[in-house]
Amino acid sequence: MGMNFVIEMQIDPAPLNSRAERTAMKNLIMKLFIMPALLALLAGPAMARPAKETNTTSVPKPNIVFLFADDWGWGDLSCHGHPYVKTPNIDRLAKEGTDFTRFTVASGVCSPSRTAVMTGHFPARYNIDGHFAWPKSNAQRNMPDWLATSAPTLPRMLGSAGYTTAHFGKWHLGNDMIPDSPTPAAYGYDEYGAFNCAGEQMPVHEDARHAISFIEKSAAAKKPFFINLWMHEPHTPFHTVPKYEWRFRDMKSREDQIYASVLSHADDRIGEVLAALDRLKLTENTLVIFSSDNGPARATKPTPLDLQYDTATGAGWGIAASKGITAGRKGYKAALFEGGINVPFIARWPGKIFAGKIDNASLISAVDLLPTFCELAGAKLPDGYQPDGISQVEVLQGKATATRSKPLFWKMGGGKDSEFHWANYAVVDRQWKLLTTADANRVELYDIAADALETKDVATEKPEVVKDINAKLEAWKATLPEKPSGEVFSKERKP
Ligand SMILES: [Ca+2]
């Protein structure tokens, strides 16, 4: 590996190009033999190491596996004290890694939350303020029909640093009912298998199998890899499997049995991925993160347990079995209170991230993931790219920070007049979190660093803080586009 590094650094593509231009034959030789070899070398693991690294011995780039569940509540883990859910494999990640209890996603619902992971931007920059549904519904909510393929994306950036990249599982940056929405391949992935995308829908339980096969291939090719493994569970419908129902046969409530069984199934698949990393001796050099795209779903009123059909994932049990819990956080899915956005975030990287540690302080967020992963990968951020987050490599490695120097902003479409869903905007700035309606008629302020469960609204006690953060929010709103534009509209969309 050290030798590779020396060889790579000595190759300058420019002289080869100028020589190759002399004759057609040389062009052909270049195209057929030299360029592929050169590209393979450029893609090698040691090429784009961070400049600050002076050690010339080889440091392989870490592999990254990002496990992103769907509506998995903060409290829905054995290691977070859930009374009956069993998650031994995610618990293993917590035991061998650090549990960051203050991580937030960029939205209370799926599509915008995932947009932030992919772009490192607040989703409002793309008018993605809600989930992608039918084109008519997207139009009514002033949304595009998909994330622009021209947007900066994490897989492209990691690909440029020599990574091989794959997406398995839920997509939802387009959708199956938007048949002309681009597939994950259009965003820079080398390989994908997905549902909630246009075209063929991958069966939800096949995610880990595909991920393991991709890991094996990448290992054989000696390429660092990045995998977005975006699991279906525990979103509705609940696709229960007898083996897991049997595991929870003693549960008194059928709804609890269904919920526990799908979480257990997802946890087992995570275990299969971890076992593959062990078997291939990749565990030491792989950052594995488990997180969720938003807080747990909840029926708005008492609902009988029934089957429902989803065009992307098939038939399964409905919302009555959505029994997720937030362990005391306020609200649930779709809320900008912590129950909607403060989700599990467990990171394991043996020898690099502390094992068995709990970080209760660091206010890290989903927009930080792109700059963090790019720093770890030695990937240069593209010219002109302005991240909304900051690299949290030092925080991952144990240097906790209890305040947020670069503010975080949230925008949710369709604020409702309900206990937890009235806020259209939220801001986290330093130790403060402000929630407000679009017209600013209702405002709440929390010392979120000290009051993680949002128990004490201090807006009336801190008018100067409210004023200051509101001014920052207004300045941020002024940078947002009024409506979506570009190649982001389905031909099914009526003007
Ligand atoms: Ca979700």
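## Two packed helices

Helix α8 (residues 207-220) packs against helix α10 (residues 254-279) at an angle of about 10°, and their axes are 9 Å apart. Here an axis is a line fitted to C-alpha atoms, for helices over the stretch in contact, and angles run from 0 to 180 degrees between N-to-C directions.

On the α8 side, the contact is made by D207, A208, A211, I212 and I215; on the α10 side, by R269, E272, V273, A276 and L277. Two residues are in contact if their C-beta atoms, placed from the backbone, lie within 7 Å. By class, the contact of α8 with α10 has 7 nonpolar residues, 3 charged ones and no polar ones. Ala, Val, Leu, Ile, Met, Phe, Trp, Tyr, Cys and Pro count as nonpolar, Asp, Glu, Lys and Arg as charged, and the others, Gly among them, as polar.

## The model and the whole chain

This is a predicted model, in which local features need pLDDT of at least 70 and side-chain atom pairs count only at pLDDT 80 or more, while totals for chains, interfaces and linings use all residues. Residues are numbered from 1 along each chain as its sequence is written.

The protein has 14 helices and 14 strands. These are DSSP runs numbered from the N terminus: helices are H or I with at least four residues, strands E with at least two. Of the 495 residues, 50% count as buried. A residue is buried if 20 or more other C-beta atoms lie within 10 Å of its own, exposed if 12 or fewer, and partly exposed in between, with C-beta atoms placed from the backbone. Among contacts with a separation of 6 or more, 68% are between residues 24 or more positions apart.

## Two cis peptide bonds

The loop between β5 (225-230) and α9 (242-247) holds P234. A cis peptide bond joins E233 to P234, with omega about -5°. P237 is also found in the loop between β5 and α9, and the peptide bond from T236 to P237 is cis, with omega near -10°.

## Two positive phi angles

H172 is not a glycine, yet its phi is positive, about 65°. H172 lies in the loop between β3 (164-170) and β4 (191-195). It is buried, because 27 other C-beta atoms lie within 10 Å.

A440, also not a glycine, has a positive phi of about 60°. Its place is in the loop between β13 (432-436) and β14 (443-447). A440 has 13 C-beta neighbours inside 10 Å, so A440 counts as partly exposed.
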